[in-house]
Amino acid sequence: RRPVRRDRWHARFSGTAGAGIPEGSGDLEISTGYRYGGVLVGVRARDFDDYDAPDGLVPNSGWQDRGVRLAWDHDAGSTTIAAGWQSDFGRDQGRPRSDTDIIQAAVPKDDSHRLTTSIVRPKLWGLHQVRIDGFLGSASQQVTQDRLATPGRPGTLEASDLEFKDAQLRVTAESRTAAVTWRGGLDVQGRYDLHALDTSSTYTTAGAITASTQVVSVESARRWDTGLFVEADAPIGDRWQASGGVRVDTVASHNRGGYFGSRSVTNTAVAGLVALSARVAGPLTVTAQAARGFRDPLLSDRFYRGPVGRGVIEGNPDLEPETSRQFDLTARLVTKAARLSFAVYDYRIHDLIERYTAGPNLFLFRNRGRAIVRGVEVEGQWPLGRGFALEIGGQVSDGHDADGDEPIDDIAPESASVLFRYEPARASYSGYLRIAATAERDEPGPSEVATPGYTLVDLGGRWRLARSLEVRAVFRNLFDAAYAASAGPRYVLAPGRHGSITLAVQF
């Protein structure tokens with residue numbers, strides 16, 4: 001949210017308590033305006049204990065974090081200036097896994113700081129609008145894997161300390177005529193001063209450290225992406241709308257020292273899309289889109305080696321960029337009584353960047369040649385009268401290696417949901433009931449395992465007790481269904497029956 005304006009004060013507070021996933025959290029925000037703008041200050045805190053799955057407590061699943069945020073808006077004549085600062089401090093974030101009695105993975109520290117700025121000037125140099133957005137950020141994180149000591153075996157603690165900075169500068173110009181709206185600009189973004197240090201320690205059952213070694217995983221790495229882009233849309237007659245865009249990127253990645261030694265790689269690619277929409281008959285609109293995508297490997301994909309929540313991951317400095325050709329067809333029917341959308345897509349990916357398992361706890365990266373991802377999605381909303389409404393959704397997707405017809409990672413199983421909503425007009429209360437079914441994952445990808453299907457039932461509601469006081473309640477997984485929290489080989493069960501109550505006050 002942005003600050004309030006015009007010489008007035010505004011405050012918000014919300015507090016939440018939960019069971020099943022034991023939670024205690026609070027968020028306080030105060031904002032005030034002045035003649036030319038406004039200022040906002042907010043603080044928050046959250047604490048989560050280990051949660052309950054249908055088969056019992058899941059160890060090492062709790063976490064906590066704190067945060068502070070500032071925002072400032074100011075009008076300098078016709079120019080609007082905005083700035084924001086946010087700092088977040090994560091502590092003792094557990095990474096539960098099926099062998100927690102042997103290995104305990106965690107993120108003891110996860111801190112980040114982010115400064116965002118924007119300058120917007122309308123009617124400049126004959127343009128409708130010129131906008132400049134800037135971003136600066138820094139982060140530091142520690143990941144640990146503790147293999148517990150036993151009477152016959154010493155314990156080992158693997159820790160990775162990671163630090164980096166982020167920056168972005170984006171300049172966008174927009175112009176409008178009676179027929180065409182176009183936007184273009186420059187986008188420079190990067191991650192730099194990336195440093196990763198791995199520490200390995202051996203200790204006794206009494207906790208005394210007997211040996212310790214340090215290895216520099218990444219001494220210093222940086223990645224800068226410079227892009228030029230332009231896009232436009234225009235009506236064609238009374239029923240047609242055309243749009244398109246193109247972007248040219250040059251991505252330069254450099255690594256100095258560390259596990260993989262000094263390496264540099266630079267790639268340039270063109271991405272873009274064209275789309276054509278037609279109002280076929282009354283409220284029915286059909287849109288066809290073709291696009292080309294480009295993804296250059298991240299610094300961690302190429303140059304990082306160290307512990308993560310599920311084991312040890314090792315980058316690949318020889319990765320090639322990933323490109324894709326994407327085709328989408330969407331039909332939307334919008335009337336006063338209902339909304340319905342239906343979409344099909346077909347994506348052809350070349351040089352797919354893939355994470356895969358090379359052992360019980362080792363993950364590697366590779367280019368996997370070609371892959372095909374296809375799917376169908378449907379959504380709908382209908383009012384039923386007397387404040388009741390019905391919403392449905394569903395999707396079917398499939399992803400395989402185009403050469404060997406082997407499944408790839410991150411393809412969601414088939415799923416469908418039905419939501420009944422009750423929002424009577426001018427009432428101080430509302431509620432919903434949601435039923436969602438997910439099919440079994442019977443074709444896991446190279447770093448996944450098969451998981452069974454499940455059905456979840458959720459219930460929620462809100463009550464406005466006064467103009468400035470509201471209570472919200474959410475109850476999830478009412479029938480205590482057992483399902484996997486992830487598709488990884490060390491998965492644990494997701495939370496069972498749980499709920500929370502939130503008290504929100506504003507004045």
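What does Trp-63 count as, at 26% relative accessibility? Trp-63 counts as partly exposed. By definition, buried means under 20% relative accessible area, exposed means over 50%, and partly exposed lies in between (1.4 Å probe, protein chains only).

## Basis of the model

The model is predicted: local features need pLDDT of at least 70, side-chain atom pairs count only at pLDDT 80 or more, and totals for chains, interfaces and linings use all residues. Residues are numbered from 1 along each chain as its sequence is written, and side-chain values use heavy atoms, with hydrogens and water left out.

## Aromatic pairs

Seven aromatic pairs turn up in a search of the whole structure. Phe-48 and Trp-63 make one that is stacked, at 4.4 Å centre to centre and 20° between the planes. This pair links distant parts of the chain, 15 residues apart: Phe-48 sits in strand 3 (residues 37-48) and Trp-63 in strand 6 (residues 63-76). Strands (E, at least two residues) and helices (H or I, at least four) are DSSP runs, numbered from the N terminus. Phe-48 is buried, with a relative accessible area of 14%.

Tyr-259 and Phe-260 are edge-to-face, because their ring centres lie 4.9 Å apart and their planes stand at 85°. Tyr-259 is partly exposed, with a relative accessible area of 43%. Phe-260 counts as buried, at 18% relative accessibility. Elsewhere, ring pairs join Phe-388, Tyr-422 and Tyr-429 into a cluster. Pairing needs rings of Phe, Tyr or Trp (its six-membered ring) with centres within 6.5 Å; planes under 30 degrees apart count as stacked, over 60 as edge-to-face and the rest as tilted.

## Salt bridges

The structure holds 41 salt bridges. Each is a side-chain nitrogen of Lys or Arg within 4 Å of a carboxyl oxygen of Asp or Glu. Glu-29 meets Arg-12 in one of them, at 3.9 Å, N to O. Glu-29 lies in strand 2 (residues 23-34) and Arg-12 in strand 1 (residues 9-19), so the bridge ties together parts that are 17 residues apart in sequence. Glu-29 counts as buried at 6% relative accessibility, while Arg-12 counts as partly exposed at 30%.

Arg-44 bridges to Asp-65, with the closest N and O atoms 3.0 Å apart. The link again spans distant parts of the chain: Arg-44 is in strand 3 and Asp-65 in strand 6, 21 residues apart. Asp-65 is counted as buried, at 8% relative accessibility. Arg-366 is partly exposed at 29% relative accessibility. Glu-354 is buried, with a relative accessible area of 3%. Salt bridges with shared partners also build one network from Arg-1, Arg-12, Asp-27, Glu-29 and Arg-69.

## Surface patches

Which residues form a nonpolar patch on the surface? They are Leu-384, Phe-388, Val-418, Phe-420, Leu-433, Ile-435, Leu-459 and Phe-475, with about 640 Å² of accessible area together. Strand 24 (415-422) and strand 25 are the elements that give two or more residues to this patch. Phe-475 has its place in strand 27 (residues 469-476) and is partly exposed, with a relative accessible area of 37%. Patches take residues with over 30% relative accessible area and no salt bridge; like charges are joined within 9 Å, nonpolar side chains (Val, Leu, Ile, Met, Phe, Trp, Tyr) within 5 Å. The areas come from the Shrake-Rupley method with a 1.4 Å probe, and for residues only the protein chains shown count as cover.

A patch of negative charge also gathers on the surface, from Asp-398, Asp-405, Glu-406, Glu-414, Glu-440, Asp-442 and Glu-443. Asp and Glu count as negative, Lys and Arg as positive; His and the chain ends are not counted. The place of a charge is NZ of Lys, CZ of Arg, CG of Asp or CD of Glu. Asp-442 lies in the loop between strand 25 (429-438) and strand 26 (454-466). Asp-442 is exposed, with a relative accessible area of 55%.

Gly-293 is in strand 15 (residues 284-295). Gly-293 counts as buried, at 14% relative accessibility. How far apart are the C-alpha atoms of Gly-293 and Pro-154? They are separated by 49 Å, for residues 139 apart along the chain.
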